[in-house]
2 protein chains.
Amino acid sequence: MTFATILFAHGARDPQWAEPFERIRERMLAARPGLDVRLAYLELMTPSLEDAVAACAAKGVTGIRLIPLFMAQGGHLKQDLPKKIAALQQRHPGVVIAVSPPIGEADAILDLIAAWALDESAR
Amino acid sequence: MTFATILFAHGARDPQWAEPFERIRERMLAARPGLDVRLAYLELMTPSLEDAVAACAAKGVTGIRLIPLFMAQGGHLKQDLPKKIAALQQRHPGVVIAVSPPIGEADAILDLIAAWALDESAR
């Protein structure tokens with residue numbers, strides 16, 4: 001299989017909004033050069049998830065790890081995303097898409113955010 | 001001064017969405033029992049930021065550290081929040097409100113998210 005990773009974020013009107021997600025991608029590439037890791041957005045920014053998956057499929061990717069860079073599980077991840085994934089699986093039957101939990105379900109990340117918030121609250 | 005910390009999140013229709021933020025608050029309290037740390041939401045969940053600040057003021061709080069639990073700087077933090085803070089400062093002149101950067105601007109958090117995303121992409 002040929003793999004790609006898609007970092008999936010909400011999107012916003014303000015271009016500055018994408019910067020943390022671009023920085024996460026750059027850090028991943030610095031740690032693992034040559035990794036196929038792309039950004040995709042639910043709305044307001046490009047590429048859309050549909051375009052990112054189509055680009056992967058066109059390149060011969062057969063396995064996609066989709067990592068939602070969302071803080072929490074809400075309607076976007078519980079309703080919108082499964083519908084999109086089902087439609088994408090139909091459109092690209094040769095591509096397997098596996099979806100990770102949102103970052104707010106990773107204990108280590110919550111621990112660090114809590115420690116950072118404690119530092120901030122002591123400032 | 002009497003201090004309080006407000007963790008400010010976007011809010012969503014789905015109650016499950018609040019869980020990571022509640023867990024962050026619980027971890028802060030576990031590390032620093034007695035800390036006055038509250039959640040507040042921009043929309044769709046309660047309390048609103050206005051209600052949380054009013055509750056702090058009613059309790060005699062004179063300094064609030066507001067920590068936006070947003071991944072990135074977009075219209076909500078660059079436009080909506082400053083307007084809300086200005087209105088709150090007028091309504092509660094005895095309460096000083098200091099605003100932290102969003103979590104996506106904390107390098108250590110981006111590093112950990114990138115490391116976690118690398119682990120996920122290797123699964």
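Predicted model: local features only at pLDDT ≥ 70, side-chain atom pairs only at ≥ 80, totals over all residues.
Chain B and chain A meet at an interface where 45 residues of chain B are in contact with 45 residues of chain A. About 4100 Å² is buried between the two chains.

**How the two chains meet**

- Of the area that chain B and chain A bury between them, 68% is on carbon and sulfur atoms.
- Eight salt bridges are counted between chain B and chain A.
- One of the salt bridges pairs Arg27(A) with Asp107(B), and their closest N and O atoms are 2.9 Å apart.
- The interface of chain B and chain A also has 16 residue pairs in polar contact, with both residues at pLDDT 80 or more.
- On the side of chain B that touches chain A, the elements giving two or more residues are β1 (3–9), α1 (19–31), β3 (63–68), α3 (75–91) and α4 (107–121).
- Helix α4(B) supplies the largest share of that side, with 13 residues.
- Sorted by class, the side of chain B that touches chain A has 26 nonpolar, eight polar and eleven charged residues.

- Glu120(B) has a relative accessibility of 9%, so it counts as buried, the cut-off being under 20%.
- Setting aside neighbours within four places in sequence, Glu120(B) is in contact with Arg65(A), Ile67(A), Ser100(A) and Pro101(A).
- In the other chain, Leu112(A) belongs to helix α4 (residues 107–121) of chain A.
- With a relative accessible area of 26%, Leu112(A) is partly exposed.
- Not counting residues up to four places away in sequence, Leu112(A) touches Ala108(B), Ile109(B) and Leu112(B).
- For a sense of scale within chain A, Leu112(A) and Pro33(A) are 79 residues apart in sequence and 26 Å apart in space, taken from C-alpha to C-alpha.

- Asp14(B) can be found in the loop between β1 and α1 of chain B.
- Its relative accessibility is 14%, so Asp14(B) is counted as buried, a label for values under 20%.
- A polar atom of the Asp14(B) side chain lies 2.8 Å from the backbone nitrogen of Gln16(B).
- Leaving out residues up to four places away in sequence, Asp14(B) touches Gln73(A), Gly74(A), Gly75(A) and Lys78(A) in chain A, along with Met45(B) in chain B.

- Most residues other than glycine have a negative phi, and most peptide bonds are trans.
- In chain A, the peptide bond from Thr46(A) to Pro47(A) is cis, with omega near 0°.
- Pro47(A) lies in the loop between β2 (37–41) and α2 (49–58) of chain A.
- Chain B has a cis peptide bond joining Thr46(B) and Pro47(B), where omega is about 0°.
- The loop holding Pro47(B) runs between β2 (37–41) and α2 (49–58) of chain B.
- Leu44(A) is not a glycine, yet it has a positive phi of about 70°.
- This leucine, Leu44(A), is placed in the loop between β2 and α2 of chain A.
- Leu44(A) counts as partly exposed, at 47% relative accessibility.
- Leu44(B) is also not a glycine and has a positive phi of about 70°.
- In chain B, Leu44(B) is in the loop between β2 and α2.
- The relative accessible area of Leu44(B) is 48%, so this residue is partly exposed, falling between the cut-offs of 20% and 50%.

**Cysteines**

- A disulfide is a covalent bond between the sulfur atoms of two cysteines.
- Cys56(A) is a buried cysteine, at 0% relative accessibility.
- Cys56(B) is buried too, with a relative accessible area of 0%.

Notes
Residues numbered from 1 in each chain as written. Chains lettered and ligands numbered in written order. Heavy atoms only, no water. Helix = DSSP H or I, 4+ residues; strand = E, 2+ residues; numbered from the N terminus. Buried < 20%, exposed > 50% of the residue type's maximum accessible area, 1.4 Å probe, protein only. Contact = heavy atoms within 4.5 Å. Buried area = accessible area lost by both parts, 1.4 Å probe. Salt bridge = Lys/Arg side-chain N within 4 Å of Asp/Glu carboxyl O. Polar contact = N/O pair within 3.5 Å; in protein donor to acceptor, adjacent residues only side chain to side chain. Nonpolar A, V, L, I, M, F, W, Y, C, P; charged D, E, K, R; others polar.
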